[in-house]
Amino acid sequence: MTVLAPARPGGSATPATVVHVAGEIDIFTSHALRTRLLNALPCRRGLLVVDVSAVSFCDASGLGVLVGIQHRARLRGVGLALRGPRPQLVRLLRVTGLDRGIDVLA
């Protein structure tokens, strides 16, 4: 898994932080992902966008990270969205019901 430095696009009404993730999200990489996302999470308001377009695999530990980050984000009034998930990840989100709680951007 590769996590690139967060980017803060300018000019949008809602401040967004974008974190690009690549490779596999599994038991071996989920801790590093959790740490990076927590560090990128805005203190209050805004949007955390996790670009998962280059993620080739995600297991239950990866889903657990997303659920945990979503919970922390909501406590701060921050939205969480996944950008560009591959069909396998979209299916996994749908089967687990997480697609109802985590926004998915095309």
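Mentor: A salt bridge is a side-chain nitrogen of Lys or Arg within 4 Å of a carboxyl oxygen of Asp or Glu. The structure discussed here is a predicted model.

Trainee: Which residue forms a salt bridge with Asp51?

Mentor: The structure holds one salt bridge. Its closest N and O atoms are 3.5 Å apart, which lies within the 4 Å cut-off. The partner of Asp51 is Arg83.

Trainee: Which strands does this pair link, and how many residues apart are Asp51 and Arg83?

Mentor: The pair links distant parts of the chain. Asp51 belongs to strand 3 and Arg83 to strand 4, and the separation is 32 residues.

Trainee: In what sense do strand 3 and strand 4 pair?

Mentor: Five bridges join strand 3 and strand 4. Leu48 stands opposite Leu80 in strand 4. Together with helix 2, the two strands make a right-handed β-α-β unit.

Trainee: What is the bridge partner of Leu82 in strand 5?

Mentor: Strand 4 and strand 5 run parallel and are joined by three bridges. The chain crosses from strand 4 through helix 3 to strand 5 in a right-handed β-α-β crossover. In strand 5, Leu82 has as its bridge partner Val104.

Trainee: What pattern does the protein chain follow along the sequence?

Mentor: The secondary structure of the protein chain comes to three helices and five strands. Read along the sequence, these elements give the pattern β-β-α-β-α-β-α-β.

Trainee: Which residues have the most contacts inside the largest nonpolar core?

Mentor: In soluble globular proteins, nonpolar side chains tend to be buried together. Here the largest nonpolar core has 24 residues. Strand 2, helix 1, strand 3, helix 2, strand 4 and helix 3 each supply at least two residues of this core. Those with the most contacts inside it are Val21, Leu37, Leu48, Val50 and Leu82.

Trainee: Which residues does Leu48 touch, not counting residues up to four places away in sequence?

Mentor: Leu48 is one of the residues with the most contacts inside the core. Not counting residues up to four places away in sequence, Leu48 touches Thr17, Val19, Leu37, Ala40, Leu41, Pro42, Ile69, Val78, Gly79, Leu80 and Ala81.

Trainee: What share of contacts between residues at least 6 apart in sequence joins residues at least 24 apart?

Mentor: One example of a separation along the chain is Gly23 and Val55, 32 residues apart, with C-alpha atoms separated by 4.7 Å. Gly23 is found in strand 2 and is partly exposed, with a relative accessible area of 22%. For the protein chain, the share of such contacts joining residues at least 24 apart is 68%.

Trainee: What is the phi of Arg45?

Mentor: Most residues other than glycine have a negative phi. Arg45 is not a glycine, yet its phi is positive. Its place is in the loop between helix 1 and strand 3, and Arg45 counts as exposed at 66% relative accessibility. The phi of Arg45 is about 55 degrees.

Key:
Residues are numbered from 1 along each chain as its sequence is written. This is a predicted model: local features need pLDDT of at least 70, side-chain atom pairs count only at pLDDT 80 or more; totals for chains, interfaces and linings use all residues. Side-chain values use heavy atoms; hydrogens and water are left out. Helices (H or I, at least four residues) and strands (E, at least two) are DSSP runs, numbered from the N terminus. Buried means under 20% relative accessible area, exposed over 50%, partly exposed in between (1.4 Å probe, protein chains only). Contact means heavy atoms within 4.5 Å. A nonpolar core is a set of buried Ala, Val, Leu, Ile, Met, Phe, Trp, Tyr and Cys residues joined through side-chain atoms within 4.5 Å. Two strands pair if DSSP finds at least two bridges between them. A crossover is right-handed if, with the strands pointing away from the viewer, the path from the first strand over the helix to the second runs clockwise.
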